[in-house]
Amino acid sequence: TKSTHANYAKVLLKIFDIIKKKYNLTFNKLDLFKIKFMKEYFLKEEVQKKMVVIFIPFKNLKKFRRIQYFFTKEFESYIPNTYLSILSIRSIKPLKYQKISQSGSYSWSFTNVADEIIRDMLFPGNIVGKRIFFFSKKDVTIQIYLEDKYKTFNNSKINLITRSLQSLIHKKIQIVLSA
């Protein structure tokens with residue numbers, strides 16, 4: 001809703017100021033963070049914990065990566081029981097349209113866009129491996145092996161990420177932390 005978006009926008013501006021003072025990083029707020037929209041995900045079992053997914057333009061994502069780890073860390077400490085994930089807005093062009101416009105590229109395929117969404121959601125973790133199981137045409141499970149260098153993932157965060165990825169990609173997803 002608009003009121004939720006406005007409340008988070010105020011919090012995000014405060015966190016930008018905290019990062020600027022605490023980590024001594026220089027950046028332009030207006031250039032980096034043009035929020036297009038955001039969505040909250042809850043688990044039915046744990047209503048008090050939520051996942052906030054913020055979508056920003058793809059061209060701003062590369063600039064934002066410099067401070068994303070610090071930003072996520074400060075956001076999660078500023079608002080308790082809330083996890084943050086930042087995704088870029090990507091386009092999927094059907095192969096038929098790519099052939100008509102003669103602009104064929106694998107980067108616009110559903111598979112590549114889904115992989116990039118998964119990579120964005122699991123930042124700053126490192127994806128070590130991925131398996132895709134086809135049980136039938138409708139029953140596809142993606143199993144992701146994740147290496148957590150910075151110890152930022154716990155079970156509730158992984159459950160919320162899994163829930164949000166399933167609603168974005170429309171496939172069953174399992175995330176396994178590797179030691």
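In what order do the elements of the chain run from the N terminus on? I read them off as α-α-β-β-α-β-α-α-β-β-α-β, and I noted six helices and six strands in the chain. Both kinds of element are DSSP runs, numbered from the N terminus, with at least four residues (H or I) for a helix and at least two (E) for a strand.

Before going further I wrote down that this is a predicted model, in which local features need pLDDT of at least 70 and side-chain atom pairs count only at pLDDT 80 or more, while totals for chains, interfaces and linings use all residues. Residues are numbered from 1 along each chain as its sequence is written, and side-chain values use heavy atoms, with hydrogens and water left out.

**Whole chain**

I looked up burial and found that 39% of the 179 residues count as buried, where buried means under 20% relative accessible area, exposed over 50%, and partly exposed in between (1.4 Å probe, protein chains only). The chain exposes about 11,000 Å², of which carbon and sulfur atoms supply 55%; such areas come from the Shrake-Rupley method with a 1.4 Å probe, and for residues only the protein chains shown count as cover. I then turned to contacts, meaning heavy atoms within 4.5 Å: among those between residues at least 6 apart in sequence, 60% join residues at least 24 apart.

**Cores**

Next I looked for nonpolar cores, which are sets of buried Ala, Val, Leu, Ile, Met, Phe, Trp, Tyr and Cys residues joined through side-chain atoms within 4.5 Å. The largest has 23 residues, and Met51, Met121, Leu122, Ile161, Leu165 and Ile175 have the most contacts inside it. The elements that give two or more residues to this core include β2 (50-57), α5 (110-121) and α6 (155-169). I followed Ile161 and saw that, not counting residues up to four places away in sequence, Ile161 touches Met51, Met121, Leu122, Phe153 and Ile175. A second, separate core has 17 residues, among them Ile19, Leu61, Phe75 and Leu84.

**Rings**

I found three aromatic pairs, a pair being rings of Phe, Tyr and Trp (its six-membered ring) with centres within 6.5 Å; planes under 30 degrees apart count as stacked, over 60 as edge-to-face and the rest as tilted. Tyr69 and Phe70 make an edge-to-face pair, at 5.7 Å centre to centre with 70 degrees between the planes. Tyr69 also pairs with Tyr150, and this pair is tilted because the planes stand at 40 degrees, with the centres 4.9 Å apart. I noted that this pair links distant parts of the chain, since Tyr69 is in helix α3 (residues 58-78) and Tyr150 in the loop between β5 and α6, 81 residues apart. Ring pairs link Tyr69, Phe70 and Tyr150 into a cluster.

I also checked for charges over rings, which requires NZ of Lys or CZ of Arg within 6 Å of the ring centre and within 35 degrees of the ring normal. The charged end of Arg65 sits over the ring of Phe123, 4.6 Å from its centre, and Lys157 lies over the face of Phe153, 5.0 Å from the ring centre.

**Strands β4 and β5**

Last, I looked at strand β4 (residues 126-134), which pairs with β5 in the antiparallel sense over eight bridges; two strands pair if DSSP finds at least two bridges between them. A hairpin of five residues joins β4 to β5, and Ile127 stands opposite Leu146 in β5. Is Thr141 buried or exposed? Thr141, found in strand β5, counts as buried because its relative accessibility is 9%.
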